[in-house]
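Here is a briefing on one protein model. It opens with overall figures and then goes topic by topic.

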Amino acid sequence: MHRLALAACLLATVSPARSAEPVLPQSNAYLTGDAWRQPIAPFQIADHTWYIGTQGLSALLVRTPEGAVLIDGGMPQAADMLLQRMRELGVQPQDLKFILHSHAHGDHAGPLAAVRRATGARLVSNAESAALLARGGSNDLHFGDGILYPPVQADRLVMDGEAVELGGLRFIAHYTPGHTPGSLSWTWSDTHAGKALTLAYADSLSAPDYRLIDNPRYPHIVGDYRRTFATVRALPCDLLITPHPDASGWTPAATTAPHPAPITCRTYADRAEARFDAQLAAQRKEQP
């Protein structure tokens, strides 16, 4: 995607409702709509799981008796906000033990270097994402150097199906390549109102202006997306959360758990595949 097209896409994000808190500053590298940088009050999703991200970008904090886990972070400028949110929920910097992520784009992995440095937490990734994280998003397959962020080194690489364990909770890694070759989704078991609740943090399934046919840098992109749609449909998924919360129905007006209008993993994958099929068909029509 050209930089101007990328900026137009990012700025198309719906503006948020006014909040008592100021909007986080813009990045120097690229611009986004306010929703991605608008802090909202943390809210509890399950007994151990809290949402601490902005209105338009998810970040989850999972507290256990042996420390806490952060999943995604949002934009680079969100680092101080995340650390403050953790403190508000009783998690001191040294209490954060693991950082997990969805995919290694700057709107989700942007503050991970700063949070890792401030807390000493171990960053968990896979080989494909670790390479992009270490480059700070440069030389991206689709965006080139259009989405840069502070580079960060992974401390642990997980295989598909491997678990990260802390305080009796098991976070299962699911490889879901497509949006990036190293995209990860996570599932774990929590409780709510005395009942077991399996949460799925399913990665983005969109292909924003991606070249899907004869892509020289990602030859098997279509096959990866097809396998990922099937994987997401089959996830254990009492409650779905996504890196862009509105993709799974989470909005500032719907910040209670269980969600008043949940979207299932199957529905999420079905809708994404329908959009993917339309995009693929349009590109095929453009072929000579």
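Among contacts in the protein chain between residues at least 6 apart in sequence, 62% join residues at least 24 apart; a contact means heavy atoms within 4.5 Å. This is a predicted model: local features need pLDDT of at least 70, side-chain atom pairs count only at pLDDT 80 or more, and totals for chains, interfaces and linings use all residues. Residues are numbered from 1 along each chain as its sequence is written, and side-chain values use heavy atoms, with hydrogens and water left out.

**Overall make-up**

- The protein chain has seven helices and 12 strands. Helices (H or I, at least four residues) and strands (E, at least two) are DSSP runs, numbered from the N terminus.
- Of the 288 residues in the protein chain, 55% count as buried. Buried means under 20% relative accessible area, exposed means over 50%, and partly exposed lies in between (1.4 Å probe, protein chains only).
- The protein chain has an accessible surface of about 12300 Å², and 54% of that belongs to carbon and sulfur atoms. Areas come from the Shrake-Rupley method with a 1.4 Å probe; for residues, only the protein chains shown count as cover.

**The seven-strand sheet**

- An open sheet of seven strands runs in the order β1-β2-β3-β4-β5-β6-β7, with mixed pairing. Two strands pair if DSSP finds at least two bridges between them.
- β1 and β7 (156-157) stand at the edges. Each has a single partner strand, so one side of each is left without a neighbour in the sheet.
- Strands of a sheet pair through backbone hydrogen bonds, either parallel or antiparallel.
- Strand β6 (residues 122-125) pairs with β7 in the parallel sense, over two bridges. Valine 124 has arginine 156 in β7 as its bridge partner.

**Strand β4 and its neighbours**

- Strand β4 (residues 67-71) is mostly covered, with five of its five residues buried.
- Strand β3 (residues 60-64) runs antiparallel to β4, and five bridges join them. The two form a hairpin with two residues between them. Threonine 64 has glycine 67 in β4 as its bridge partner.
- On β4 there is also a parallel pairing: four bridges join β4 to strand β5 (residues 96-100). Leucine 70 stands opposite isoleucine 99 in β5.

**Helix α2**

- β4, helix α2 (residues 79-88) and β5 make a right-handed β-α-β unit. A crossover is right-handed if, with the strands pointing away from the viewer, the path from the first strand over the helix to the second runs clockwise.
- Which residues of α2 are buried? They are Ala79, Met81, Leu82, Leu83, Arg85 and Met86.
- The cover over the buried residues of α2 includes β3, β4, β5 and α4 (112-119).

**Aromatic pairs**

- A search of the whole structure finds seven aromatic pairs. Rings of Phe, Tyr and Trp (its six-membered ring) pair if their centres lie within 6.5 Å; planes under 30 degrees apart count as stacked, over 60 as edge-to-face and the rest as tilted.
- The rings of phenylalanine 43 and tyrosine 51 have centres 4.9 Å apart and planes at 15°, so this pair is stacked. Phenylalanine 43 is buried, with a relative accessible area of 9%. Tyrosine 51 is buried, with a relative accessible area of 2%.
- Phenylalanine 43 and tryptophan 250 also form a stacked pair, at 5.9 Å centre to centre and 25° between the planes. This pair links distant parts of the chain, 207 residues apart: phenylalanine 43 lies in strand β1 (residues 43-44), and tryptophan 250 in the loop between β12 and α7. Tryptophan 250 is buried, and so is phenylalanine 43.
- Ring pairs link Phe43, Tyr51 and Trp250 into a cluster.

**The disulfide**

- How many disulfides are there? The count comes to one, where a disulfide is a pair of cysteine sulfur atoms within 2.5 Å.
- A disulfide is a covalent bond between the sulfur atoms of two cysteines.
- Cysteine 237 and cysteine 265 form the disulfide, with sulfur atoms 2.1 Å apart. The pair links distant parts of the chain, 28 residues apart: cysteine 237 sits in the loop between α6 (221-233) and β12 (239-241), and cysteine 265 in helix α7 (residues 265-285).
- The torsion about the S-S bond of cysteine 237 and cysteine 265 is about 80°, so the disulfide is right-handed.
- Cysteine 237 is partly exposed, with a relative accessible area of 21%. Cysteine 265 is buried, with a relative accessible area of 2%.
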